[in-house]
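This briefing is for a reader new to the structure shown below. It goes topic by topic, in short points.

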Amino acid sequence: MTWLVTGGAGYIGAHVVRAMVEAGHGVVVLDDLSTGDQARLPQGVPLVQGSTLDQPLLASVLREHAVTGVLHIAAKKQVGESVEKPLWYYRENVEGLRVVLEAAAEAGVRRFLLSSSAAVYGMPDVDLVTEETPCRPMSPYGETKLVGEWLVRATGRAHGMGTVSLRYFNVAGAATPELGDPGVFNLVPMVFERLDAGEAPRVFGADYPTPDGTCIRDYIHVADVAEAHVAAVRRLTDDPDGTDLILNIGRGEGVSVQQMLDVIGEVTGLDATGEVTPRRAGDPARVVASAELIAQELGWKARFDVREMIASAWAGWRLRHPAP
Ligand code: WQD
């Protein structure tokens with residue numbers, strides 16, 4: 001069996017590819033290299049450079065590699081950018097997915113996994129977000145992920161495909177320094193960037209209704225996220241017909257921005273005292289997963305804690321940004 005991983009040269013995709021190869025699966029990657037990097041791929045994994053919007057290309061990759069399952073990870077993923085360019089986000093994330101699904105259905109692929117996001121929930125007002133918590137996305141990015149889940153589920157039911165959508169919470173860390181997050185769009189790399197510039201990390205609001213006033217999230221190590229994909233692949237392999245799942249990937253443990261800064265200070269040995277700035281628009285006070293359903297369905301549970309995420313992210317950051 002061979003699995004097509006779209007977006008397999010990206011930060012999360014490359015971790016998934018690595019875990020899939022380690023678990024003994026055959027993999028082929030489709031990536032447009034807009035943010036991905038071929039150097040992230042293990043030796044011997046074929047890369048097809050191209051767009052998910054290119055249906056003839058997809059048809060030929062599925063046929064030539066005799067693909068039996070698809071992990072669709074390729075997507076645009078910046079919330080702010082999606083507010084400015086909603087048409088582009090719908091094209092890349094929804095139309096791109098629709099094309100991949102159509103090619104997969106026509107090629108007789110019976111297993112499909114979608115990268116989704118906690119962004120589908122918006123501002124959930126519950127302590128632990130379950131998969132039953134109502135979805136009210138707050139950005140075009142979150143909307144494209146929710147529409148994507150619907151599309152995947154409907155296609156799976158109509159075309160006899162087993163499907164899994166995985167809703168990632170806040171992904172951080174790196175399995176090896178080379179695979180670290182190259183971006184600066186999330187809390188951990190944004191804090192590292194400020195520290196390197198000799199500036200205080202910013203805390204976007206300390207007046208939230210949380211114990212220390214800062215926002216609480218569910219941070220999850222990217223290597224754990226990758227293992228969740230391997231567990232989903234196992235399930236899709238064993239039982240394609242009976243699999244129709246939407247699952248959170250989180251640790252089920254809330255960590256505040258202030259607690260993250262404390263651990264970053266300890267791990268880096270730098271002064272990570274935050275500077276409180278006004279709230280960032282659209283930030284919910286607390287988003288923490290219930291990780292019960294995925295444990296039940298796939299037997300998966302996170303292994304790494306926040307300290308391991310930060311230490312591995314820091315090693316990756318230092319590789320790209322040598323100490324001044
Ligand atoms: C985390 C917390 C910030 C930077 C977003 C998307 C989500 C997913 C992950 C997907 C928040 C605070 C941040 C800083 C800060 N994206 N913060 N100072 O907003 O929870 O989730 O990224 O693929 O869909 O919504 O993640 O890392 O931006 O922020 O205080 O310099 O850190 O306010 O509370 P977020 P984040």
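A search of the whole structure, which is a predicted model, finds 4 aromatic pairs. One of them is formed by F192 and W314.

**Aromatic rings**
- The rings of F192 and W314 are edge-to-face, with 4.8 Å from centre to centre and 65 degrees between the planes.
- F192 belongs to helix 6 (residues 187-196) and W314 to helix 10 (residues 306-320), so the pair ties together parts that are 122 residues apart in sequence.
- F192 is buried, with a relative accessible area of 1%.
- W314 also counts as buried, because its relative accessibility of 13% falls under the 20% cut-off.
- Ring pairs link W317 with F192 and W314 into a cluster.

**Helix 1**
- Helix 1 (residues 11-22) has 12 residues, and 17 Å separates its first C-alpha from its last, close to the 16 Å expected at 1.5 Å a residue.
- This helix is mostly covered, with 9 of its 12 residues buried.
- The buried residues of helix 1 are Y11, I12, G13, A14, H15, V16, V17, A19 and M20.
- The elements that cover these buried residues include strand 1, strand 2 (26-31), strand 4, strand 6 (162-168), strand 7 (170-172) and helix 7 (222-238).

**Helix 4**
- Helix 4 (residues 86-106) has 21 residues and spans 29 Å between its first and last C-alpha, close to the 30 Å expected at 1.5 Å a residue.
- A kink of about 25 degrees is centred on E95 in helix 4.
- Buried in helix 4 are Y89, E92, N93, V94, G96, L97, V99, V100, L101, A103 and A104.
- An α-helix has 3.6 residues a turn, so residues three or four places apart point the same way.
- The buried residues of helix 4 pack against helix 2 (55-64), strand 4 (67-72), helix 3 (79-84), strand 5 (111-117) and helix 5 (140-159).
- Just after helix 4, G108 has a positive phi of about 75 degrees.

**Strand 4 and its partners**
- Strand 1 (residues 2-6) pairs with strand 4 in the parallel sense over 5 bridges, and T2 stands opposite V67 in strand 4.
- Strand 5 pairs with strand 4 in the parallel sense over 3 bridges, and F112 in strand 5 is the bridge partner of V70.

- An open sheet of 3 strands has the order 12-9-14, and its pairing is mixed.
- Strand 12 (255-256) and strand 14 (286-287) stand at the edges with a single partner strand each, so one side of each is left without a neighbour in the sheet.
- Strand 9 (residues 216-217) and strand 14 run parallel and are joined by 2 bridges.
- V287 in strand 14 is the bridge partner of R217.

**Database record**
- An unreviewed UniProt entry lists residues 3-250 as "domain: NAD-dependent epimerase/dehydratase".
- In the model, the span of residues 3-250 is 39% helix and 20% strand, and its end C-alpha atoms lie 24 Å apart.

Note on methods
Residues are numbered from 1 along each chain as its sequence is written. This is a predicted model: local features need pLDDT of at least 70, side-chain atom pairs count only at pLDDT 80 or more; totals for chains, interfaces and linings use all residues. Side-chain values use heavy atoms; hydrogens and water are left out. Helices (H or I, at least four residues) and strands (E, at least two) are DSSP runs, numbered from the N terminus. The expected span of a helix is 1.5 Å times one less than its number of residues. The bend at a residue is the angle between axes fitted to the seven residues ending there and the seven starting there. Buried means under 20% relative accessible area, exposed over 50%, partly exposed in between (1.4 Å probe, protein chains only). Contact means heavy atoms within 4.5 Å. Two strands pair if DSSP finds at least two bridges between them. UniProt positions are given in the numbering used here, feature names are shortened, and annotations may be inferred rather than shown by experiment. Rings of Phe, Tyr and Trp (its six-membered ring) pair if their centres lie within 6.5 Å; planes under 30 degrees apart count as stacked, over 60 as edge-to-face and the rest as tilted.
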